[in-house]
Amino acid sequence: MSRHGTPQTALIVEDLREAQTWLLRALTSSFPGVVTHIADTLAEAQALLARSLRPDLVLVDLGLPDGSGSDLIAQIQRAQP
């Protein structure tokens, strides 16, 4: 996070394109300049995080096609308390 509490990087984990688009617009209008990564599945999000992505903000769909977003939230909390 920047020193003003503004996220510099974000991760959207959402399988519906319309929701991805809406969330991306909301993020970029609220936080101009935020670098946003998008994952369609739990596995894709886990792969991004395994490659050292450390987002300041994560928006997670709880009902993903390949698993529970709750599991991803728990994983992130264990890695980045």
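Reply: Helices are DSSP runs of H or I with at least four residues and strands are runs of E with at least two, both numbered from the N terminus. This is a predicted model, in which local features need pLDDT of at least 70 and side-chain atom pairs count only at pLDDT 80 or more, while totals for chains, interfaces and linings use all residues. Residues are numbered from 1 along each chain as its sequence is written, and side-chain values use heavy atoms, with hydrogens and water left out.

Me: Where is E14 placed, and what surrounds E14 beyond its neighbours within four places in sequence?

Reply: E14 sits in the loop that runs between β1 (9-13) and α1 (17-30). Contact means heavy atoms within 4.5 Å. With neighbours within four places in sequence set aside, E14 is in contact with A19, Q20, A39, D40, D61 and L64.

Me: Is E14 buried or exposed, and which backbone nitrogen lies 3.0 Å from a polar atom of its side chain?

Reply: Buried means under 20% relative accessible area, exposed over 50%, and partly exposed in between (1.4 Å probe, protein chains only). For charge, Lys and Arg count as positive and Asp and Glu as negative, with His and the chain ends not counted. A salt bridge is a side-chain nitrogen of Lys or Arg within 4 Å of a carboxyl oxygen of Asp or Glu. E14 is buried yet has no salt bridge, and R17, the nearest side chain of opposite charge, is 9.6 Å away. A polar atom of the E14 side chain does lie 3.0 Å from the backbone nitrogen of L16.

Me: How many salt bridges does the structure hold?

Reply: The structure holds one. D40 and R17 form it through their side chains, at 3.2 Å from N to O. D40 lies in the loop between β2 (35-39) and α2, and R17 in helix α1, so the pair ties together parts that are 23 residues apart in sequence. D40 is partly exposed, at a relative accessible area of 21%.

Me: What describes two packed helices?

Reply: The angle between their axes and the distance between the axes describe them. Axes are lines fitted to C-alpha atoms, for helices over the stretch in contact, and angles run from 0 to 180 degrees between N-to-C directions. Here the axes of α2 (residues 42-50) and α3 (residues 69-79) come within 10 Å and cross at roughly 10°. That makes α2 roughly parallel to α3; angles under 35 degrees count as roughly parallel, over 145 as roughly antiparallel, 65 to 115 as roughly perpendicular and the rest as oblique. L42, A45, Q46 and L49 of α2 meet L72, Q75 and I76 of α3.

Me: Which residue has a positive phi although it is not a glycine?

Reply: Most residues other than glycine have a negative phi. S52 has a positive phi of about 80° although it is not a glycine. S52 lies in the loop between α2 and β3 (57-60) and counts as exposed at 57% relative accessibility.

How values were computed. A polar contact is a pair of N or O atoms within 3.5 Å; within protein, one must be able to donate a hydrogen and the other to accept it, and residues adjacent in sequence count only if both atoms are side-chain atoms.
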